[in-house]
Amino acid sequence: MNTVTDLNKIPVPAYIQAIAPYVGGKPISEVAREYGLDENNIVKLASNENPLGMPESARQAMLQTFDELARYPDGNAYDIRAALAQKFRVPMDWVTLGNGSNDILVLAGHAFLQPGASAVYSQYSFVVYALATQETGARAIVVPATPGLGHDLEAMLGSIEADTHLVFIANPNNPTGTFLPSAEIEAFLQRVPAHVVVVLDEAYNEYLAPEQRFDSVEWVRRFPNLIVSRTFSKAYGLAGLRVGYAIAQAPLTDIMNRIRQPFNVNSLGQAAAIAALHDHNFLQKSYELNRAGYQQLVQAFERLRLSFIPSYGNFVLVKVGNAAAVNQALLKQGVIVRPVANYGLPEWLRISIGLPEENQAFILALERALGMAA
Ligand SMILES: Cc1ncc(COP(=O)(O)O)c(C=O)c1O
């Protein structure tokens, strides 16, 4: 019996075979094994996770849900959708839950793309836009970034073609941390053709300073082709539970819900997300820790004369030269960060902002690594 699958004999579409798998942050256990290190001494600043851990309120909510786990989750996710609808003052049929906001991005791809269609997104924007596009057989129109590695909305508008069904905008963007002010996005939304669906991915929204915030849900009221996507993975500290959501007018929400897996968000995730949504103290703490950690990293980069991209998220992109070598030298010291060569940025590393002591450990390791890698 031939146990090796021969892809020539199985009709895997060429556009699926062409997909490069998603590369995540290296797990702590893997680095400990590979480099002979103690897991407890490893610092992971590689996946834009919340260094505070999850909120205690979410832990309690999950404990109360434990005895229910033999049952399927509420497929309509009524309670969390009601809580989100109330927070954003929108009808419940404007809210779609996702298995992380990654799920929302993929749902949008499946709902609005197909072979013969195209999606527009920026160079250096979140890698899942490419995956969500490629797996539908649609064509990707990748628009060159600005010199500061941000989205060039004017060029993105100009790149929309007759077959374009979808545009992805990340604000702030990962891995660059760049931010688009509200006036630019609003002008874009006013000019984009009404039949083109725009996904505004705001996974890092809660890290914005009050003066940078704007009411993107207000745009959802005005623009029937807009989907705003957010997540509980970052500032809410629930990355492992996989809960994200989209706000869009009822017709787009209806389409996404038709193809959503019926139980895409599990019971623990639903319970934890409700608790986290109401935990204003935790959110504020996450925000403040991130601001302080950003200053700590940026001051070190300035002292070491390293270029970095001013970031509006919970991570910073820093230019270190031979990033592969510096990354190796960091790993040997038990510090995991994210190389971004797969984004076409081989001289840069993305550092997630951690606890003060984690940031400090990274800075010390970086100084040594730069010496070692020179
Ligand atoms: C810009 C952006 N959007 C979406 C996501 C997806 O996150 P999640 O699926 O955990 O909500 C990420 C994760 O890193 C991201 O950086």
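1. Strands β10 (residues 315-319) and β13 (residues 345-352) run antiparallel and are joined by five bridges. Within this pair, Val 316 stands opposite Ile 351 of β13. The model is a predicted one.

2. The two strands belong to an open sheet of four, ordered β9-β10-β13-β12, with antiparallel pairing. The edges are taken by β9 (308-309) and β12 (338-340); each has a single partner strand, so one side of each is left without a neighbour in the sheet. As background, strands of a sheet pair through backbone hydrogen bonds, either parallel or antiparallel.

3. Two helices lie across strands of this sheet. Helix α12 (residues 280-303) lies across β9, β10 and β13, and runs at about 5° to β10. Helix α13 (residues 323-332) lies across β12 and β13, at about 35° to β13.

4. Another point concerns a helix pair. Helix α3 (residues 56-65) packs with helix α11 (residues 267-278) at an angle of about 145°, and their axes are 8 Å apart. The crossing of α3 and α11 is right-handed. By class, their contact has nine nonpolar, five polar and no charged residues. On the α3 side the contact residues include Ala 58, Ala 61 and Met 62; among those in α11 are Leu 268, Ala 272 and Ile 274.

5. Last, the ligand. It is surrounded by 13 residues, of which the closest are Gly 100, Asn 102, Asn 174, Thr 231 and Ser 233. The shell around the ligand has eight polar, four nonpolar and one charged residues.

Technical notes: Residues numbered from 1 in each chain as written. Predicted model: local features only at pLDDT ≥ 70, side-chain atom pairs only at ≥ 80, totals over all residues. Near = placed C-beta within 6 Å. Nonpolar A, V, L, I, M, F, W, Y, C, P; charged D, E, K, R; others polar. Pairing = 2+ DSSP bridges. Contact = placed C-beta atoms within 7 Å. Axes fitted to C-alpha atoms, helices over the stretch in contact; angles between N-to-C directions. Left-handed = near helix turned anticlockwise from the far one by under 90°.
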